[in-house]
Amino acid sequence: MHLYANPKRFLSIANWLTPILLVGGLLVTGAALLWGFTQSPPDRLMGDTVKILYIHVPAAWLGMGGWTAIAIASLVELVWRHPLATIAARAAAVPGAVFAFICLATGSIWGRPTWGTWWVWDGRLTSMLVLFFLYLGYIALSSSLAREGQSSRIAAIFGIVGAINVPIINRSVVWWNSLHQPASITTGGSSIDGTYLWPLLFAVLGFSFLFGGIVLMRMRTILADIQAEARLRRKAQAGTMTGEEAFQ
Amino acid sequence: MTQETSGGIKPKHQRLVLILLAVGALIGASLLAMVALQDQASYFYVPEDIEANPPEPGQAIRLGGMVETGSIQTAADGVTTEFVVHDGIARVPVTYTGILPDLFVENSGVVADGRMDANGVFVADQLLAKHDENYTPRELEEMTAEQMRAELQESVE
């Protein structure tokens, strides 16, 4: 567990893993979307609108996966006081929020021609919107705590408590009658035809790589920020610089 | 709490137990809330609910279910559609005046906003088409049910 607690050791891995994930993610996502958009036939009812699936589903899964990552990192932070866990949770929040937003936006665009409405307040849509707001709250809270130099424990507790929404999103279409359709891909199989399923799974893979790459990139940025601030503080304390110079 | 009071348990284990207890309590509370919300948080009622617990005429509700095969009829004025929504257990006749959504076809899901009238007919103000969890290309539509199942089965494996 503490093998990667040392930021140097983390960076020595993150430095080469980040470009691999980002470039690999772009290639796989691009190929999957190109494949899906050009090769899969129109759906029997929805026509070409079905193809928004290739963005909507990965975005929804990663939006939920992002918060799951925040919750796990928060638990590690609270229990084991792992220094990188705090940074990982902060790094996952922004891409998670972006994917949650993409999920809501593409769902709305799909809903207008398919259902006949941009938005309804059913269980699935509402709980997903709540997830997006939780992300915004988490980002505001964790960044203000970091700026004030305070302990991130409150943000970690918020991350764990907020995770209760993730299984609610997942089960919302089972517990309540909803306009949103139930899950097509379950552990028991898939009710999505193969011509849509394969590009979809590759799109999920590609977007996941991108997500991982962005998280690593943001973790490196946050680490660099912390180091730069610490260095400035040391210099200011040593009195070798005037206050004005320290900000240059 | 210190290590002495907990009989030599490491602080990190103490924190882990504490957090797991808190998360357990949280999950319990949420499950209770979700069960309590069961009726209120549903987006629509199915015909079975309406039969078991008939709403007051004029009370705004949403009705959801499948459009019964062969039940769609267009009235003489050309814009009013009458059809039957069923859920395999009960059926409710519906009347709607307006433009139908593209996905409104026989034997597909529909959600209607409206109210029951005194004769037990549901008067809809708005119709939403409900899409099911199946995604099938157009060519498959012309197959028989068996062929389609075989094709879907193949794609699952």
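**Chain B and its interface with chain A**

**View 1. Fold of chain B in the predicted model.** Along the sequence, chain B runs in the order α-α-β-β-β-β-β-β-α-α, which amounts to four helices and six strands (DSSP runs, H or I of at least four residues for helices and E of at least two for strands, numbered from the N terminus). In this predicted model, local features need pLDDT of at least 70 and side-chain atom pairs count only at pLDDT 80 or more, while totals for chains, interfaces and linings use all residues. Residues are numbered from 1 along each chain as its sequence is written, chains are lettered from A in the order in which they are written, and side-chain values use heavy atoms, without hydrogens and water.

**View 2. Contact between chain A and chain B.** The contact (heavy atoms within 4.5 Å) takes 45 residues from chain A and 43 residues from chain B. About 3,900 Å² is buried between the two chains, 62% of it on carbon and sulfur atoms; this is the accessible area (1.4 Å probe) lost on putting the two parts together, summed over both. On the chain A side, A:R44, A:W176 and A:N177 lose the most area to chain B, together 19% of what that side buries.

**View 3. The salt bridge across the interface.** The rule finds one salt bridge between chain A and chain B (a side-chain nitrogen of Lys or Arg within 4 Å of a carboxyl oxygen of Asp or Glu). A:R44 pairs with B:D132 in a salt bridge, with the closest N and O atoms 3.5 Å apart.
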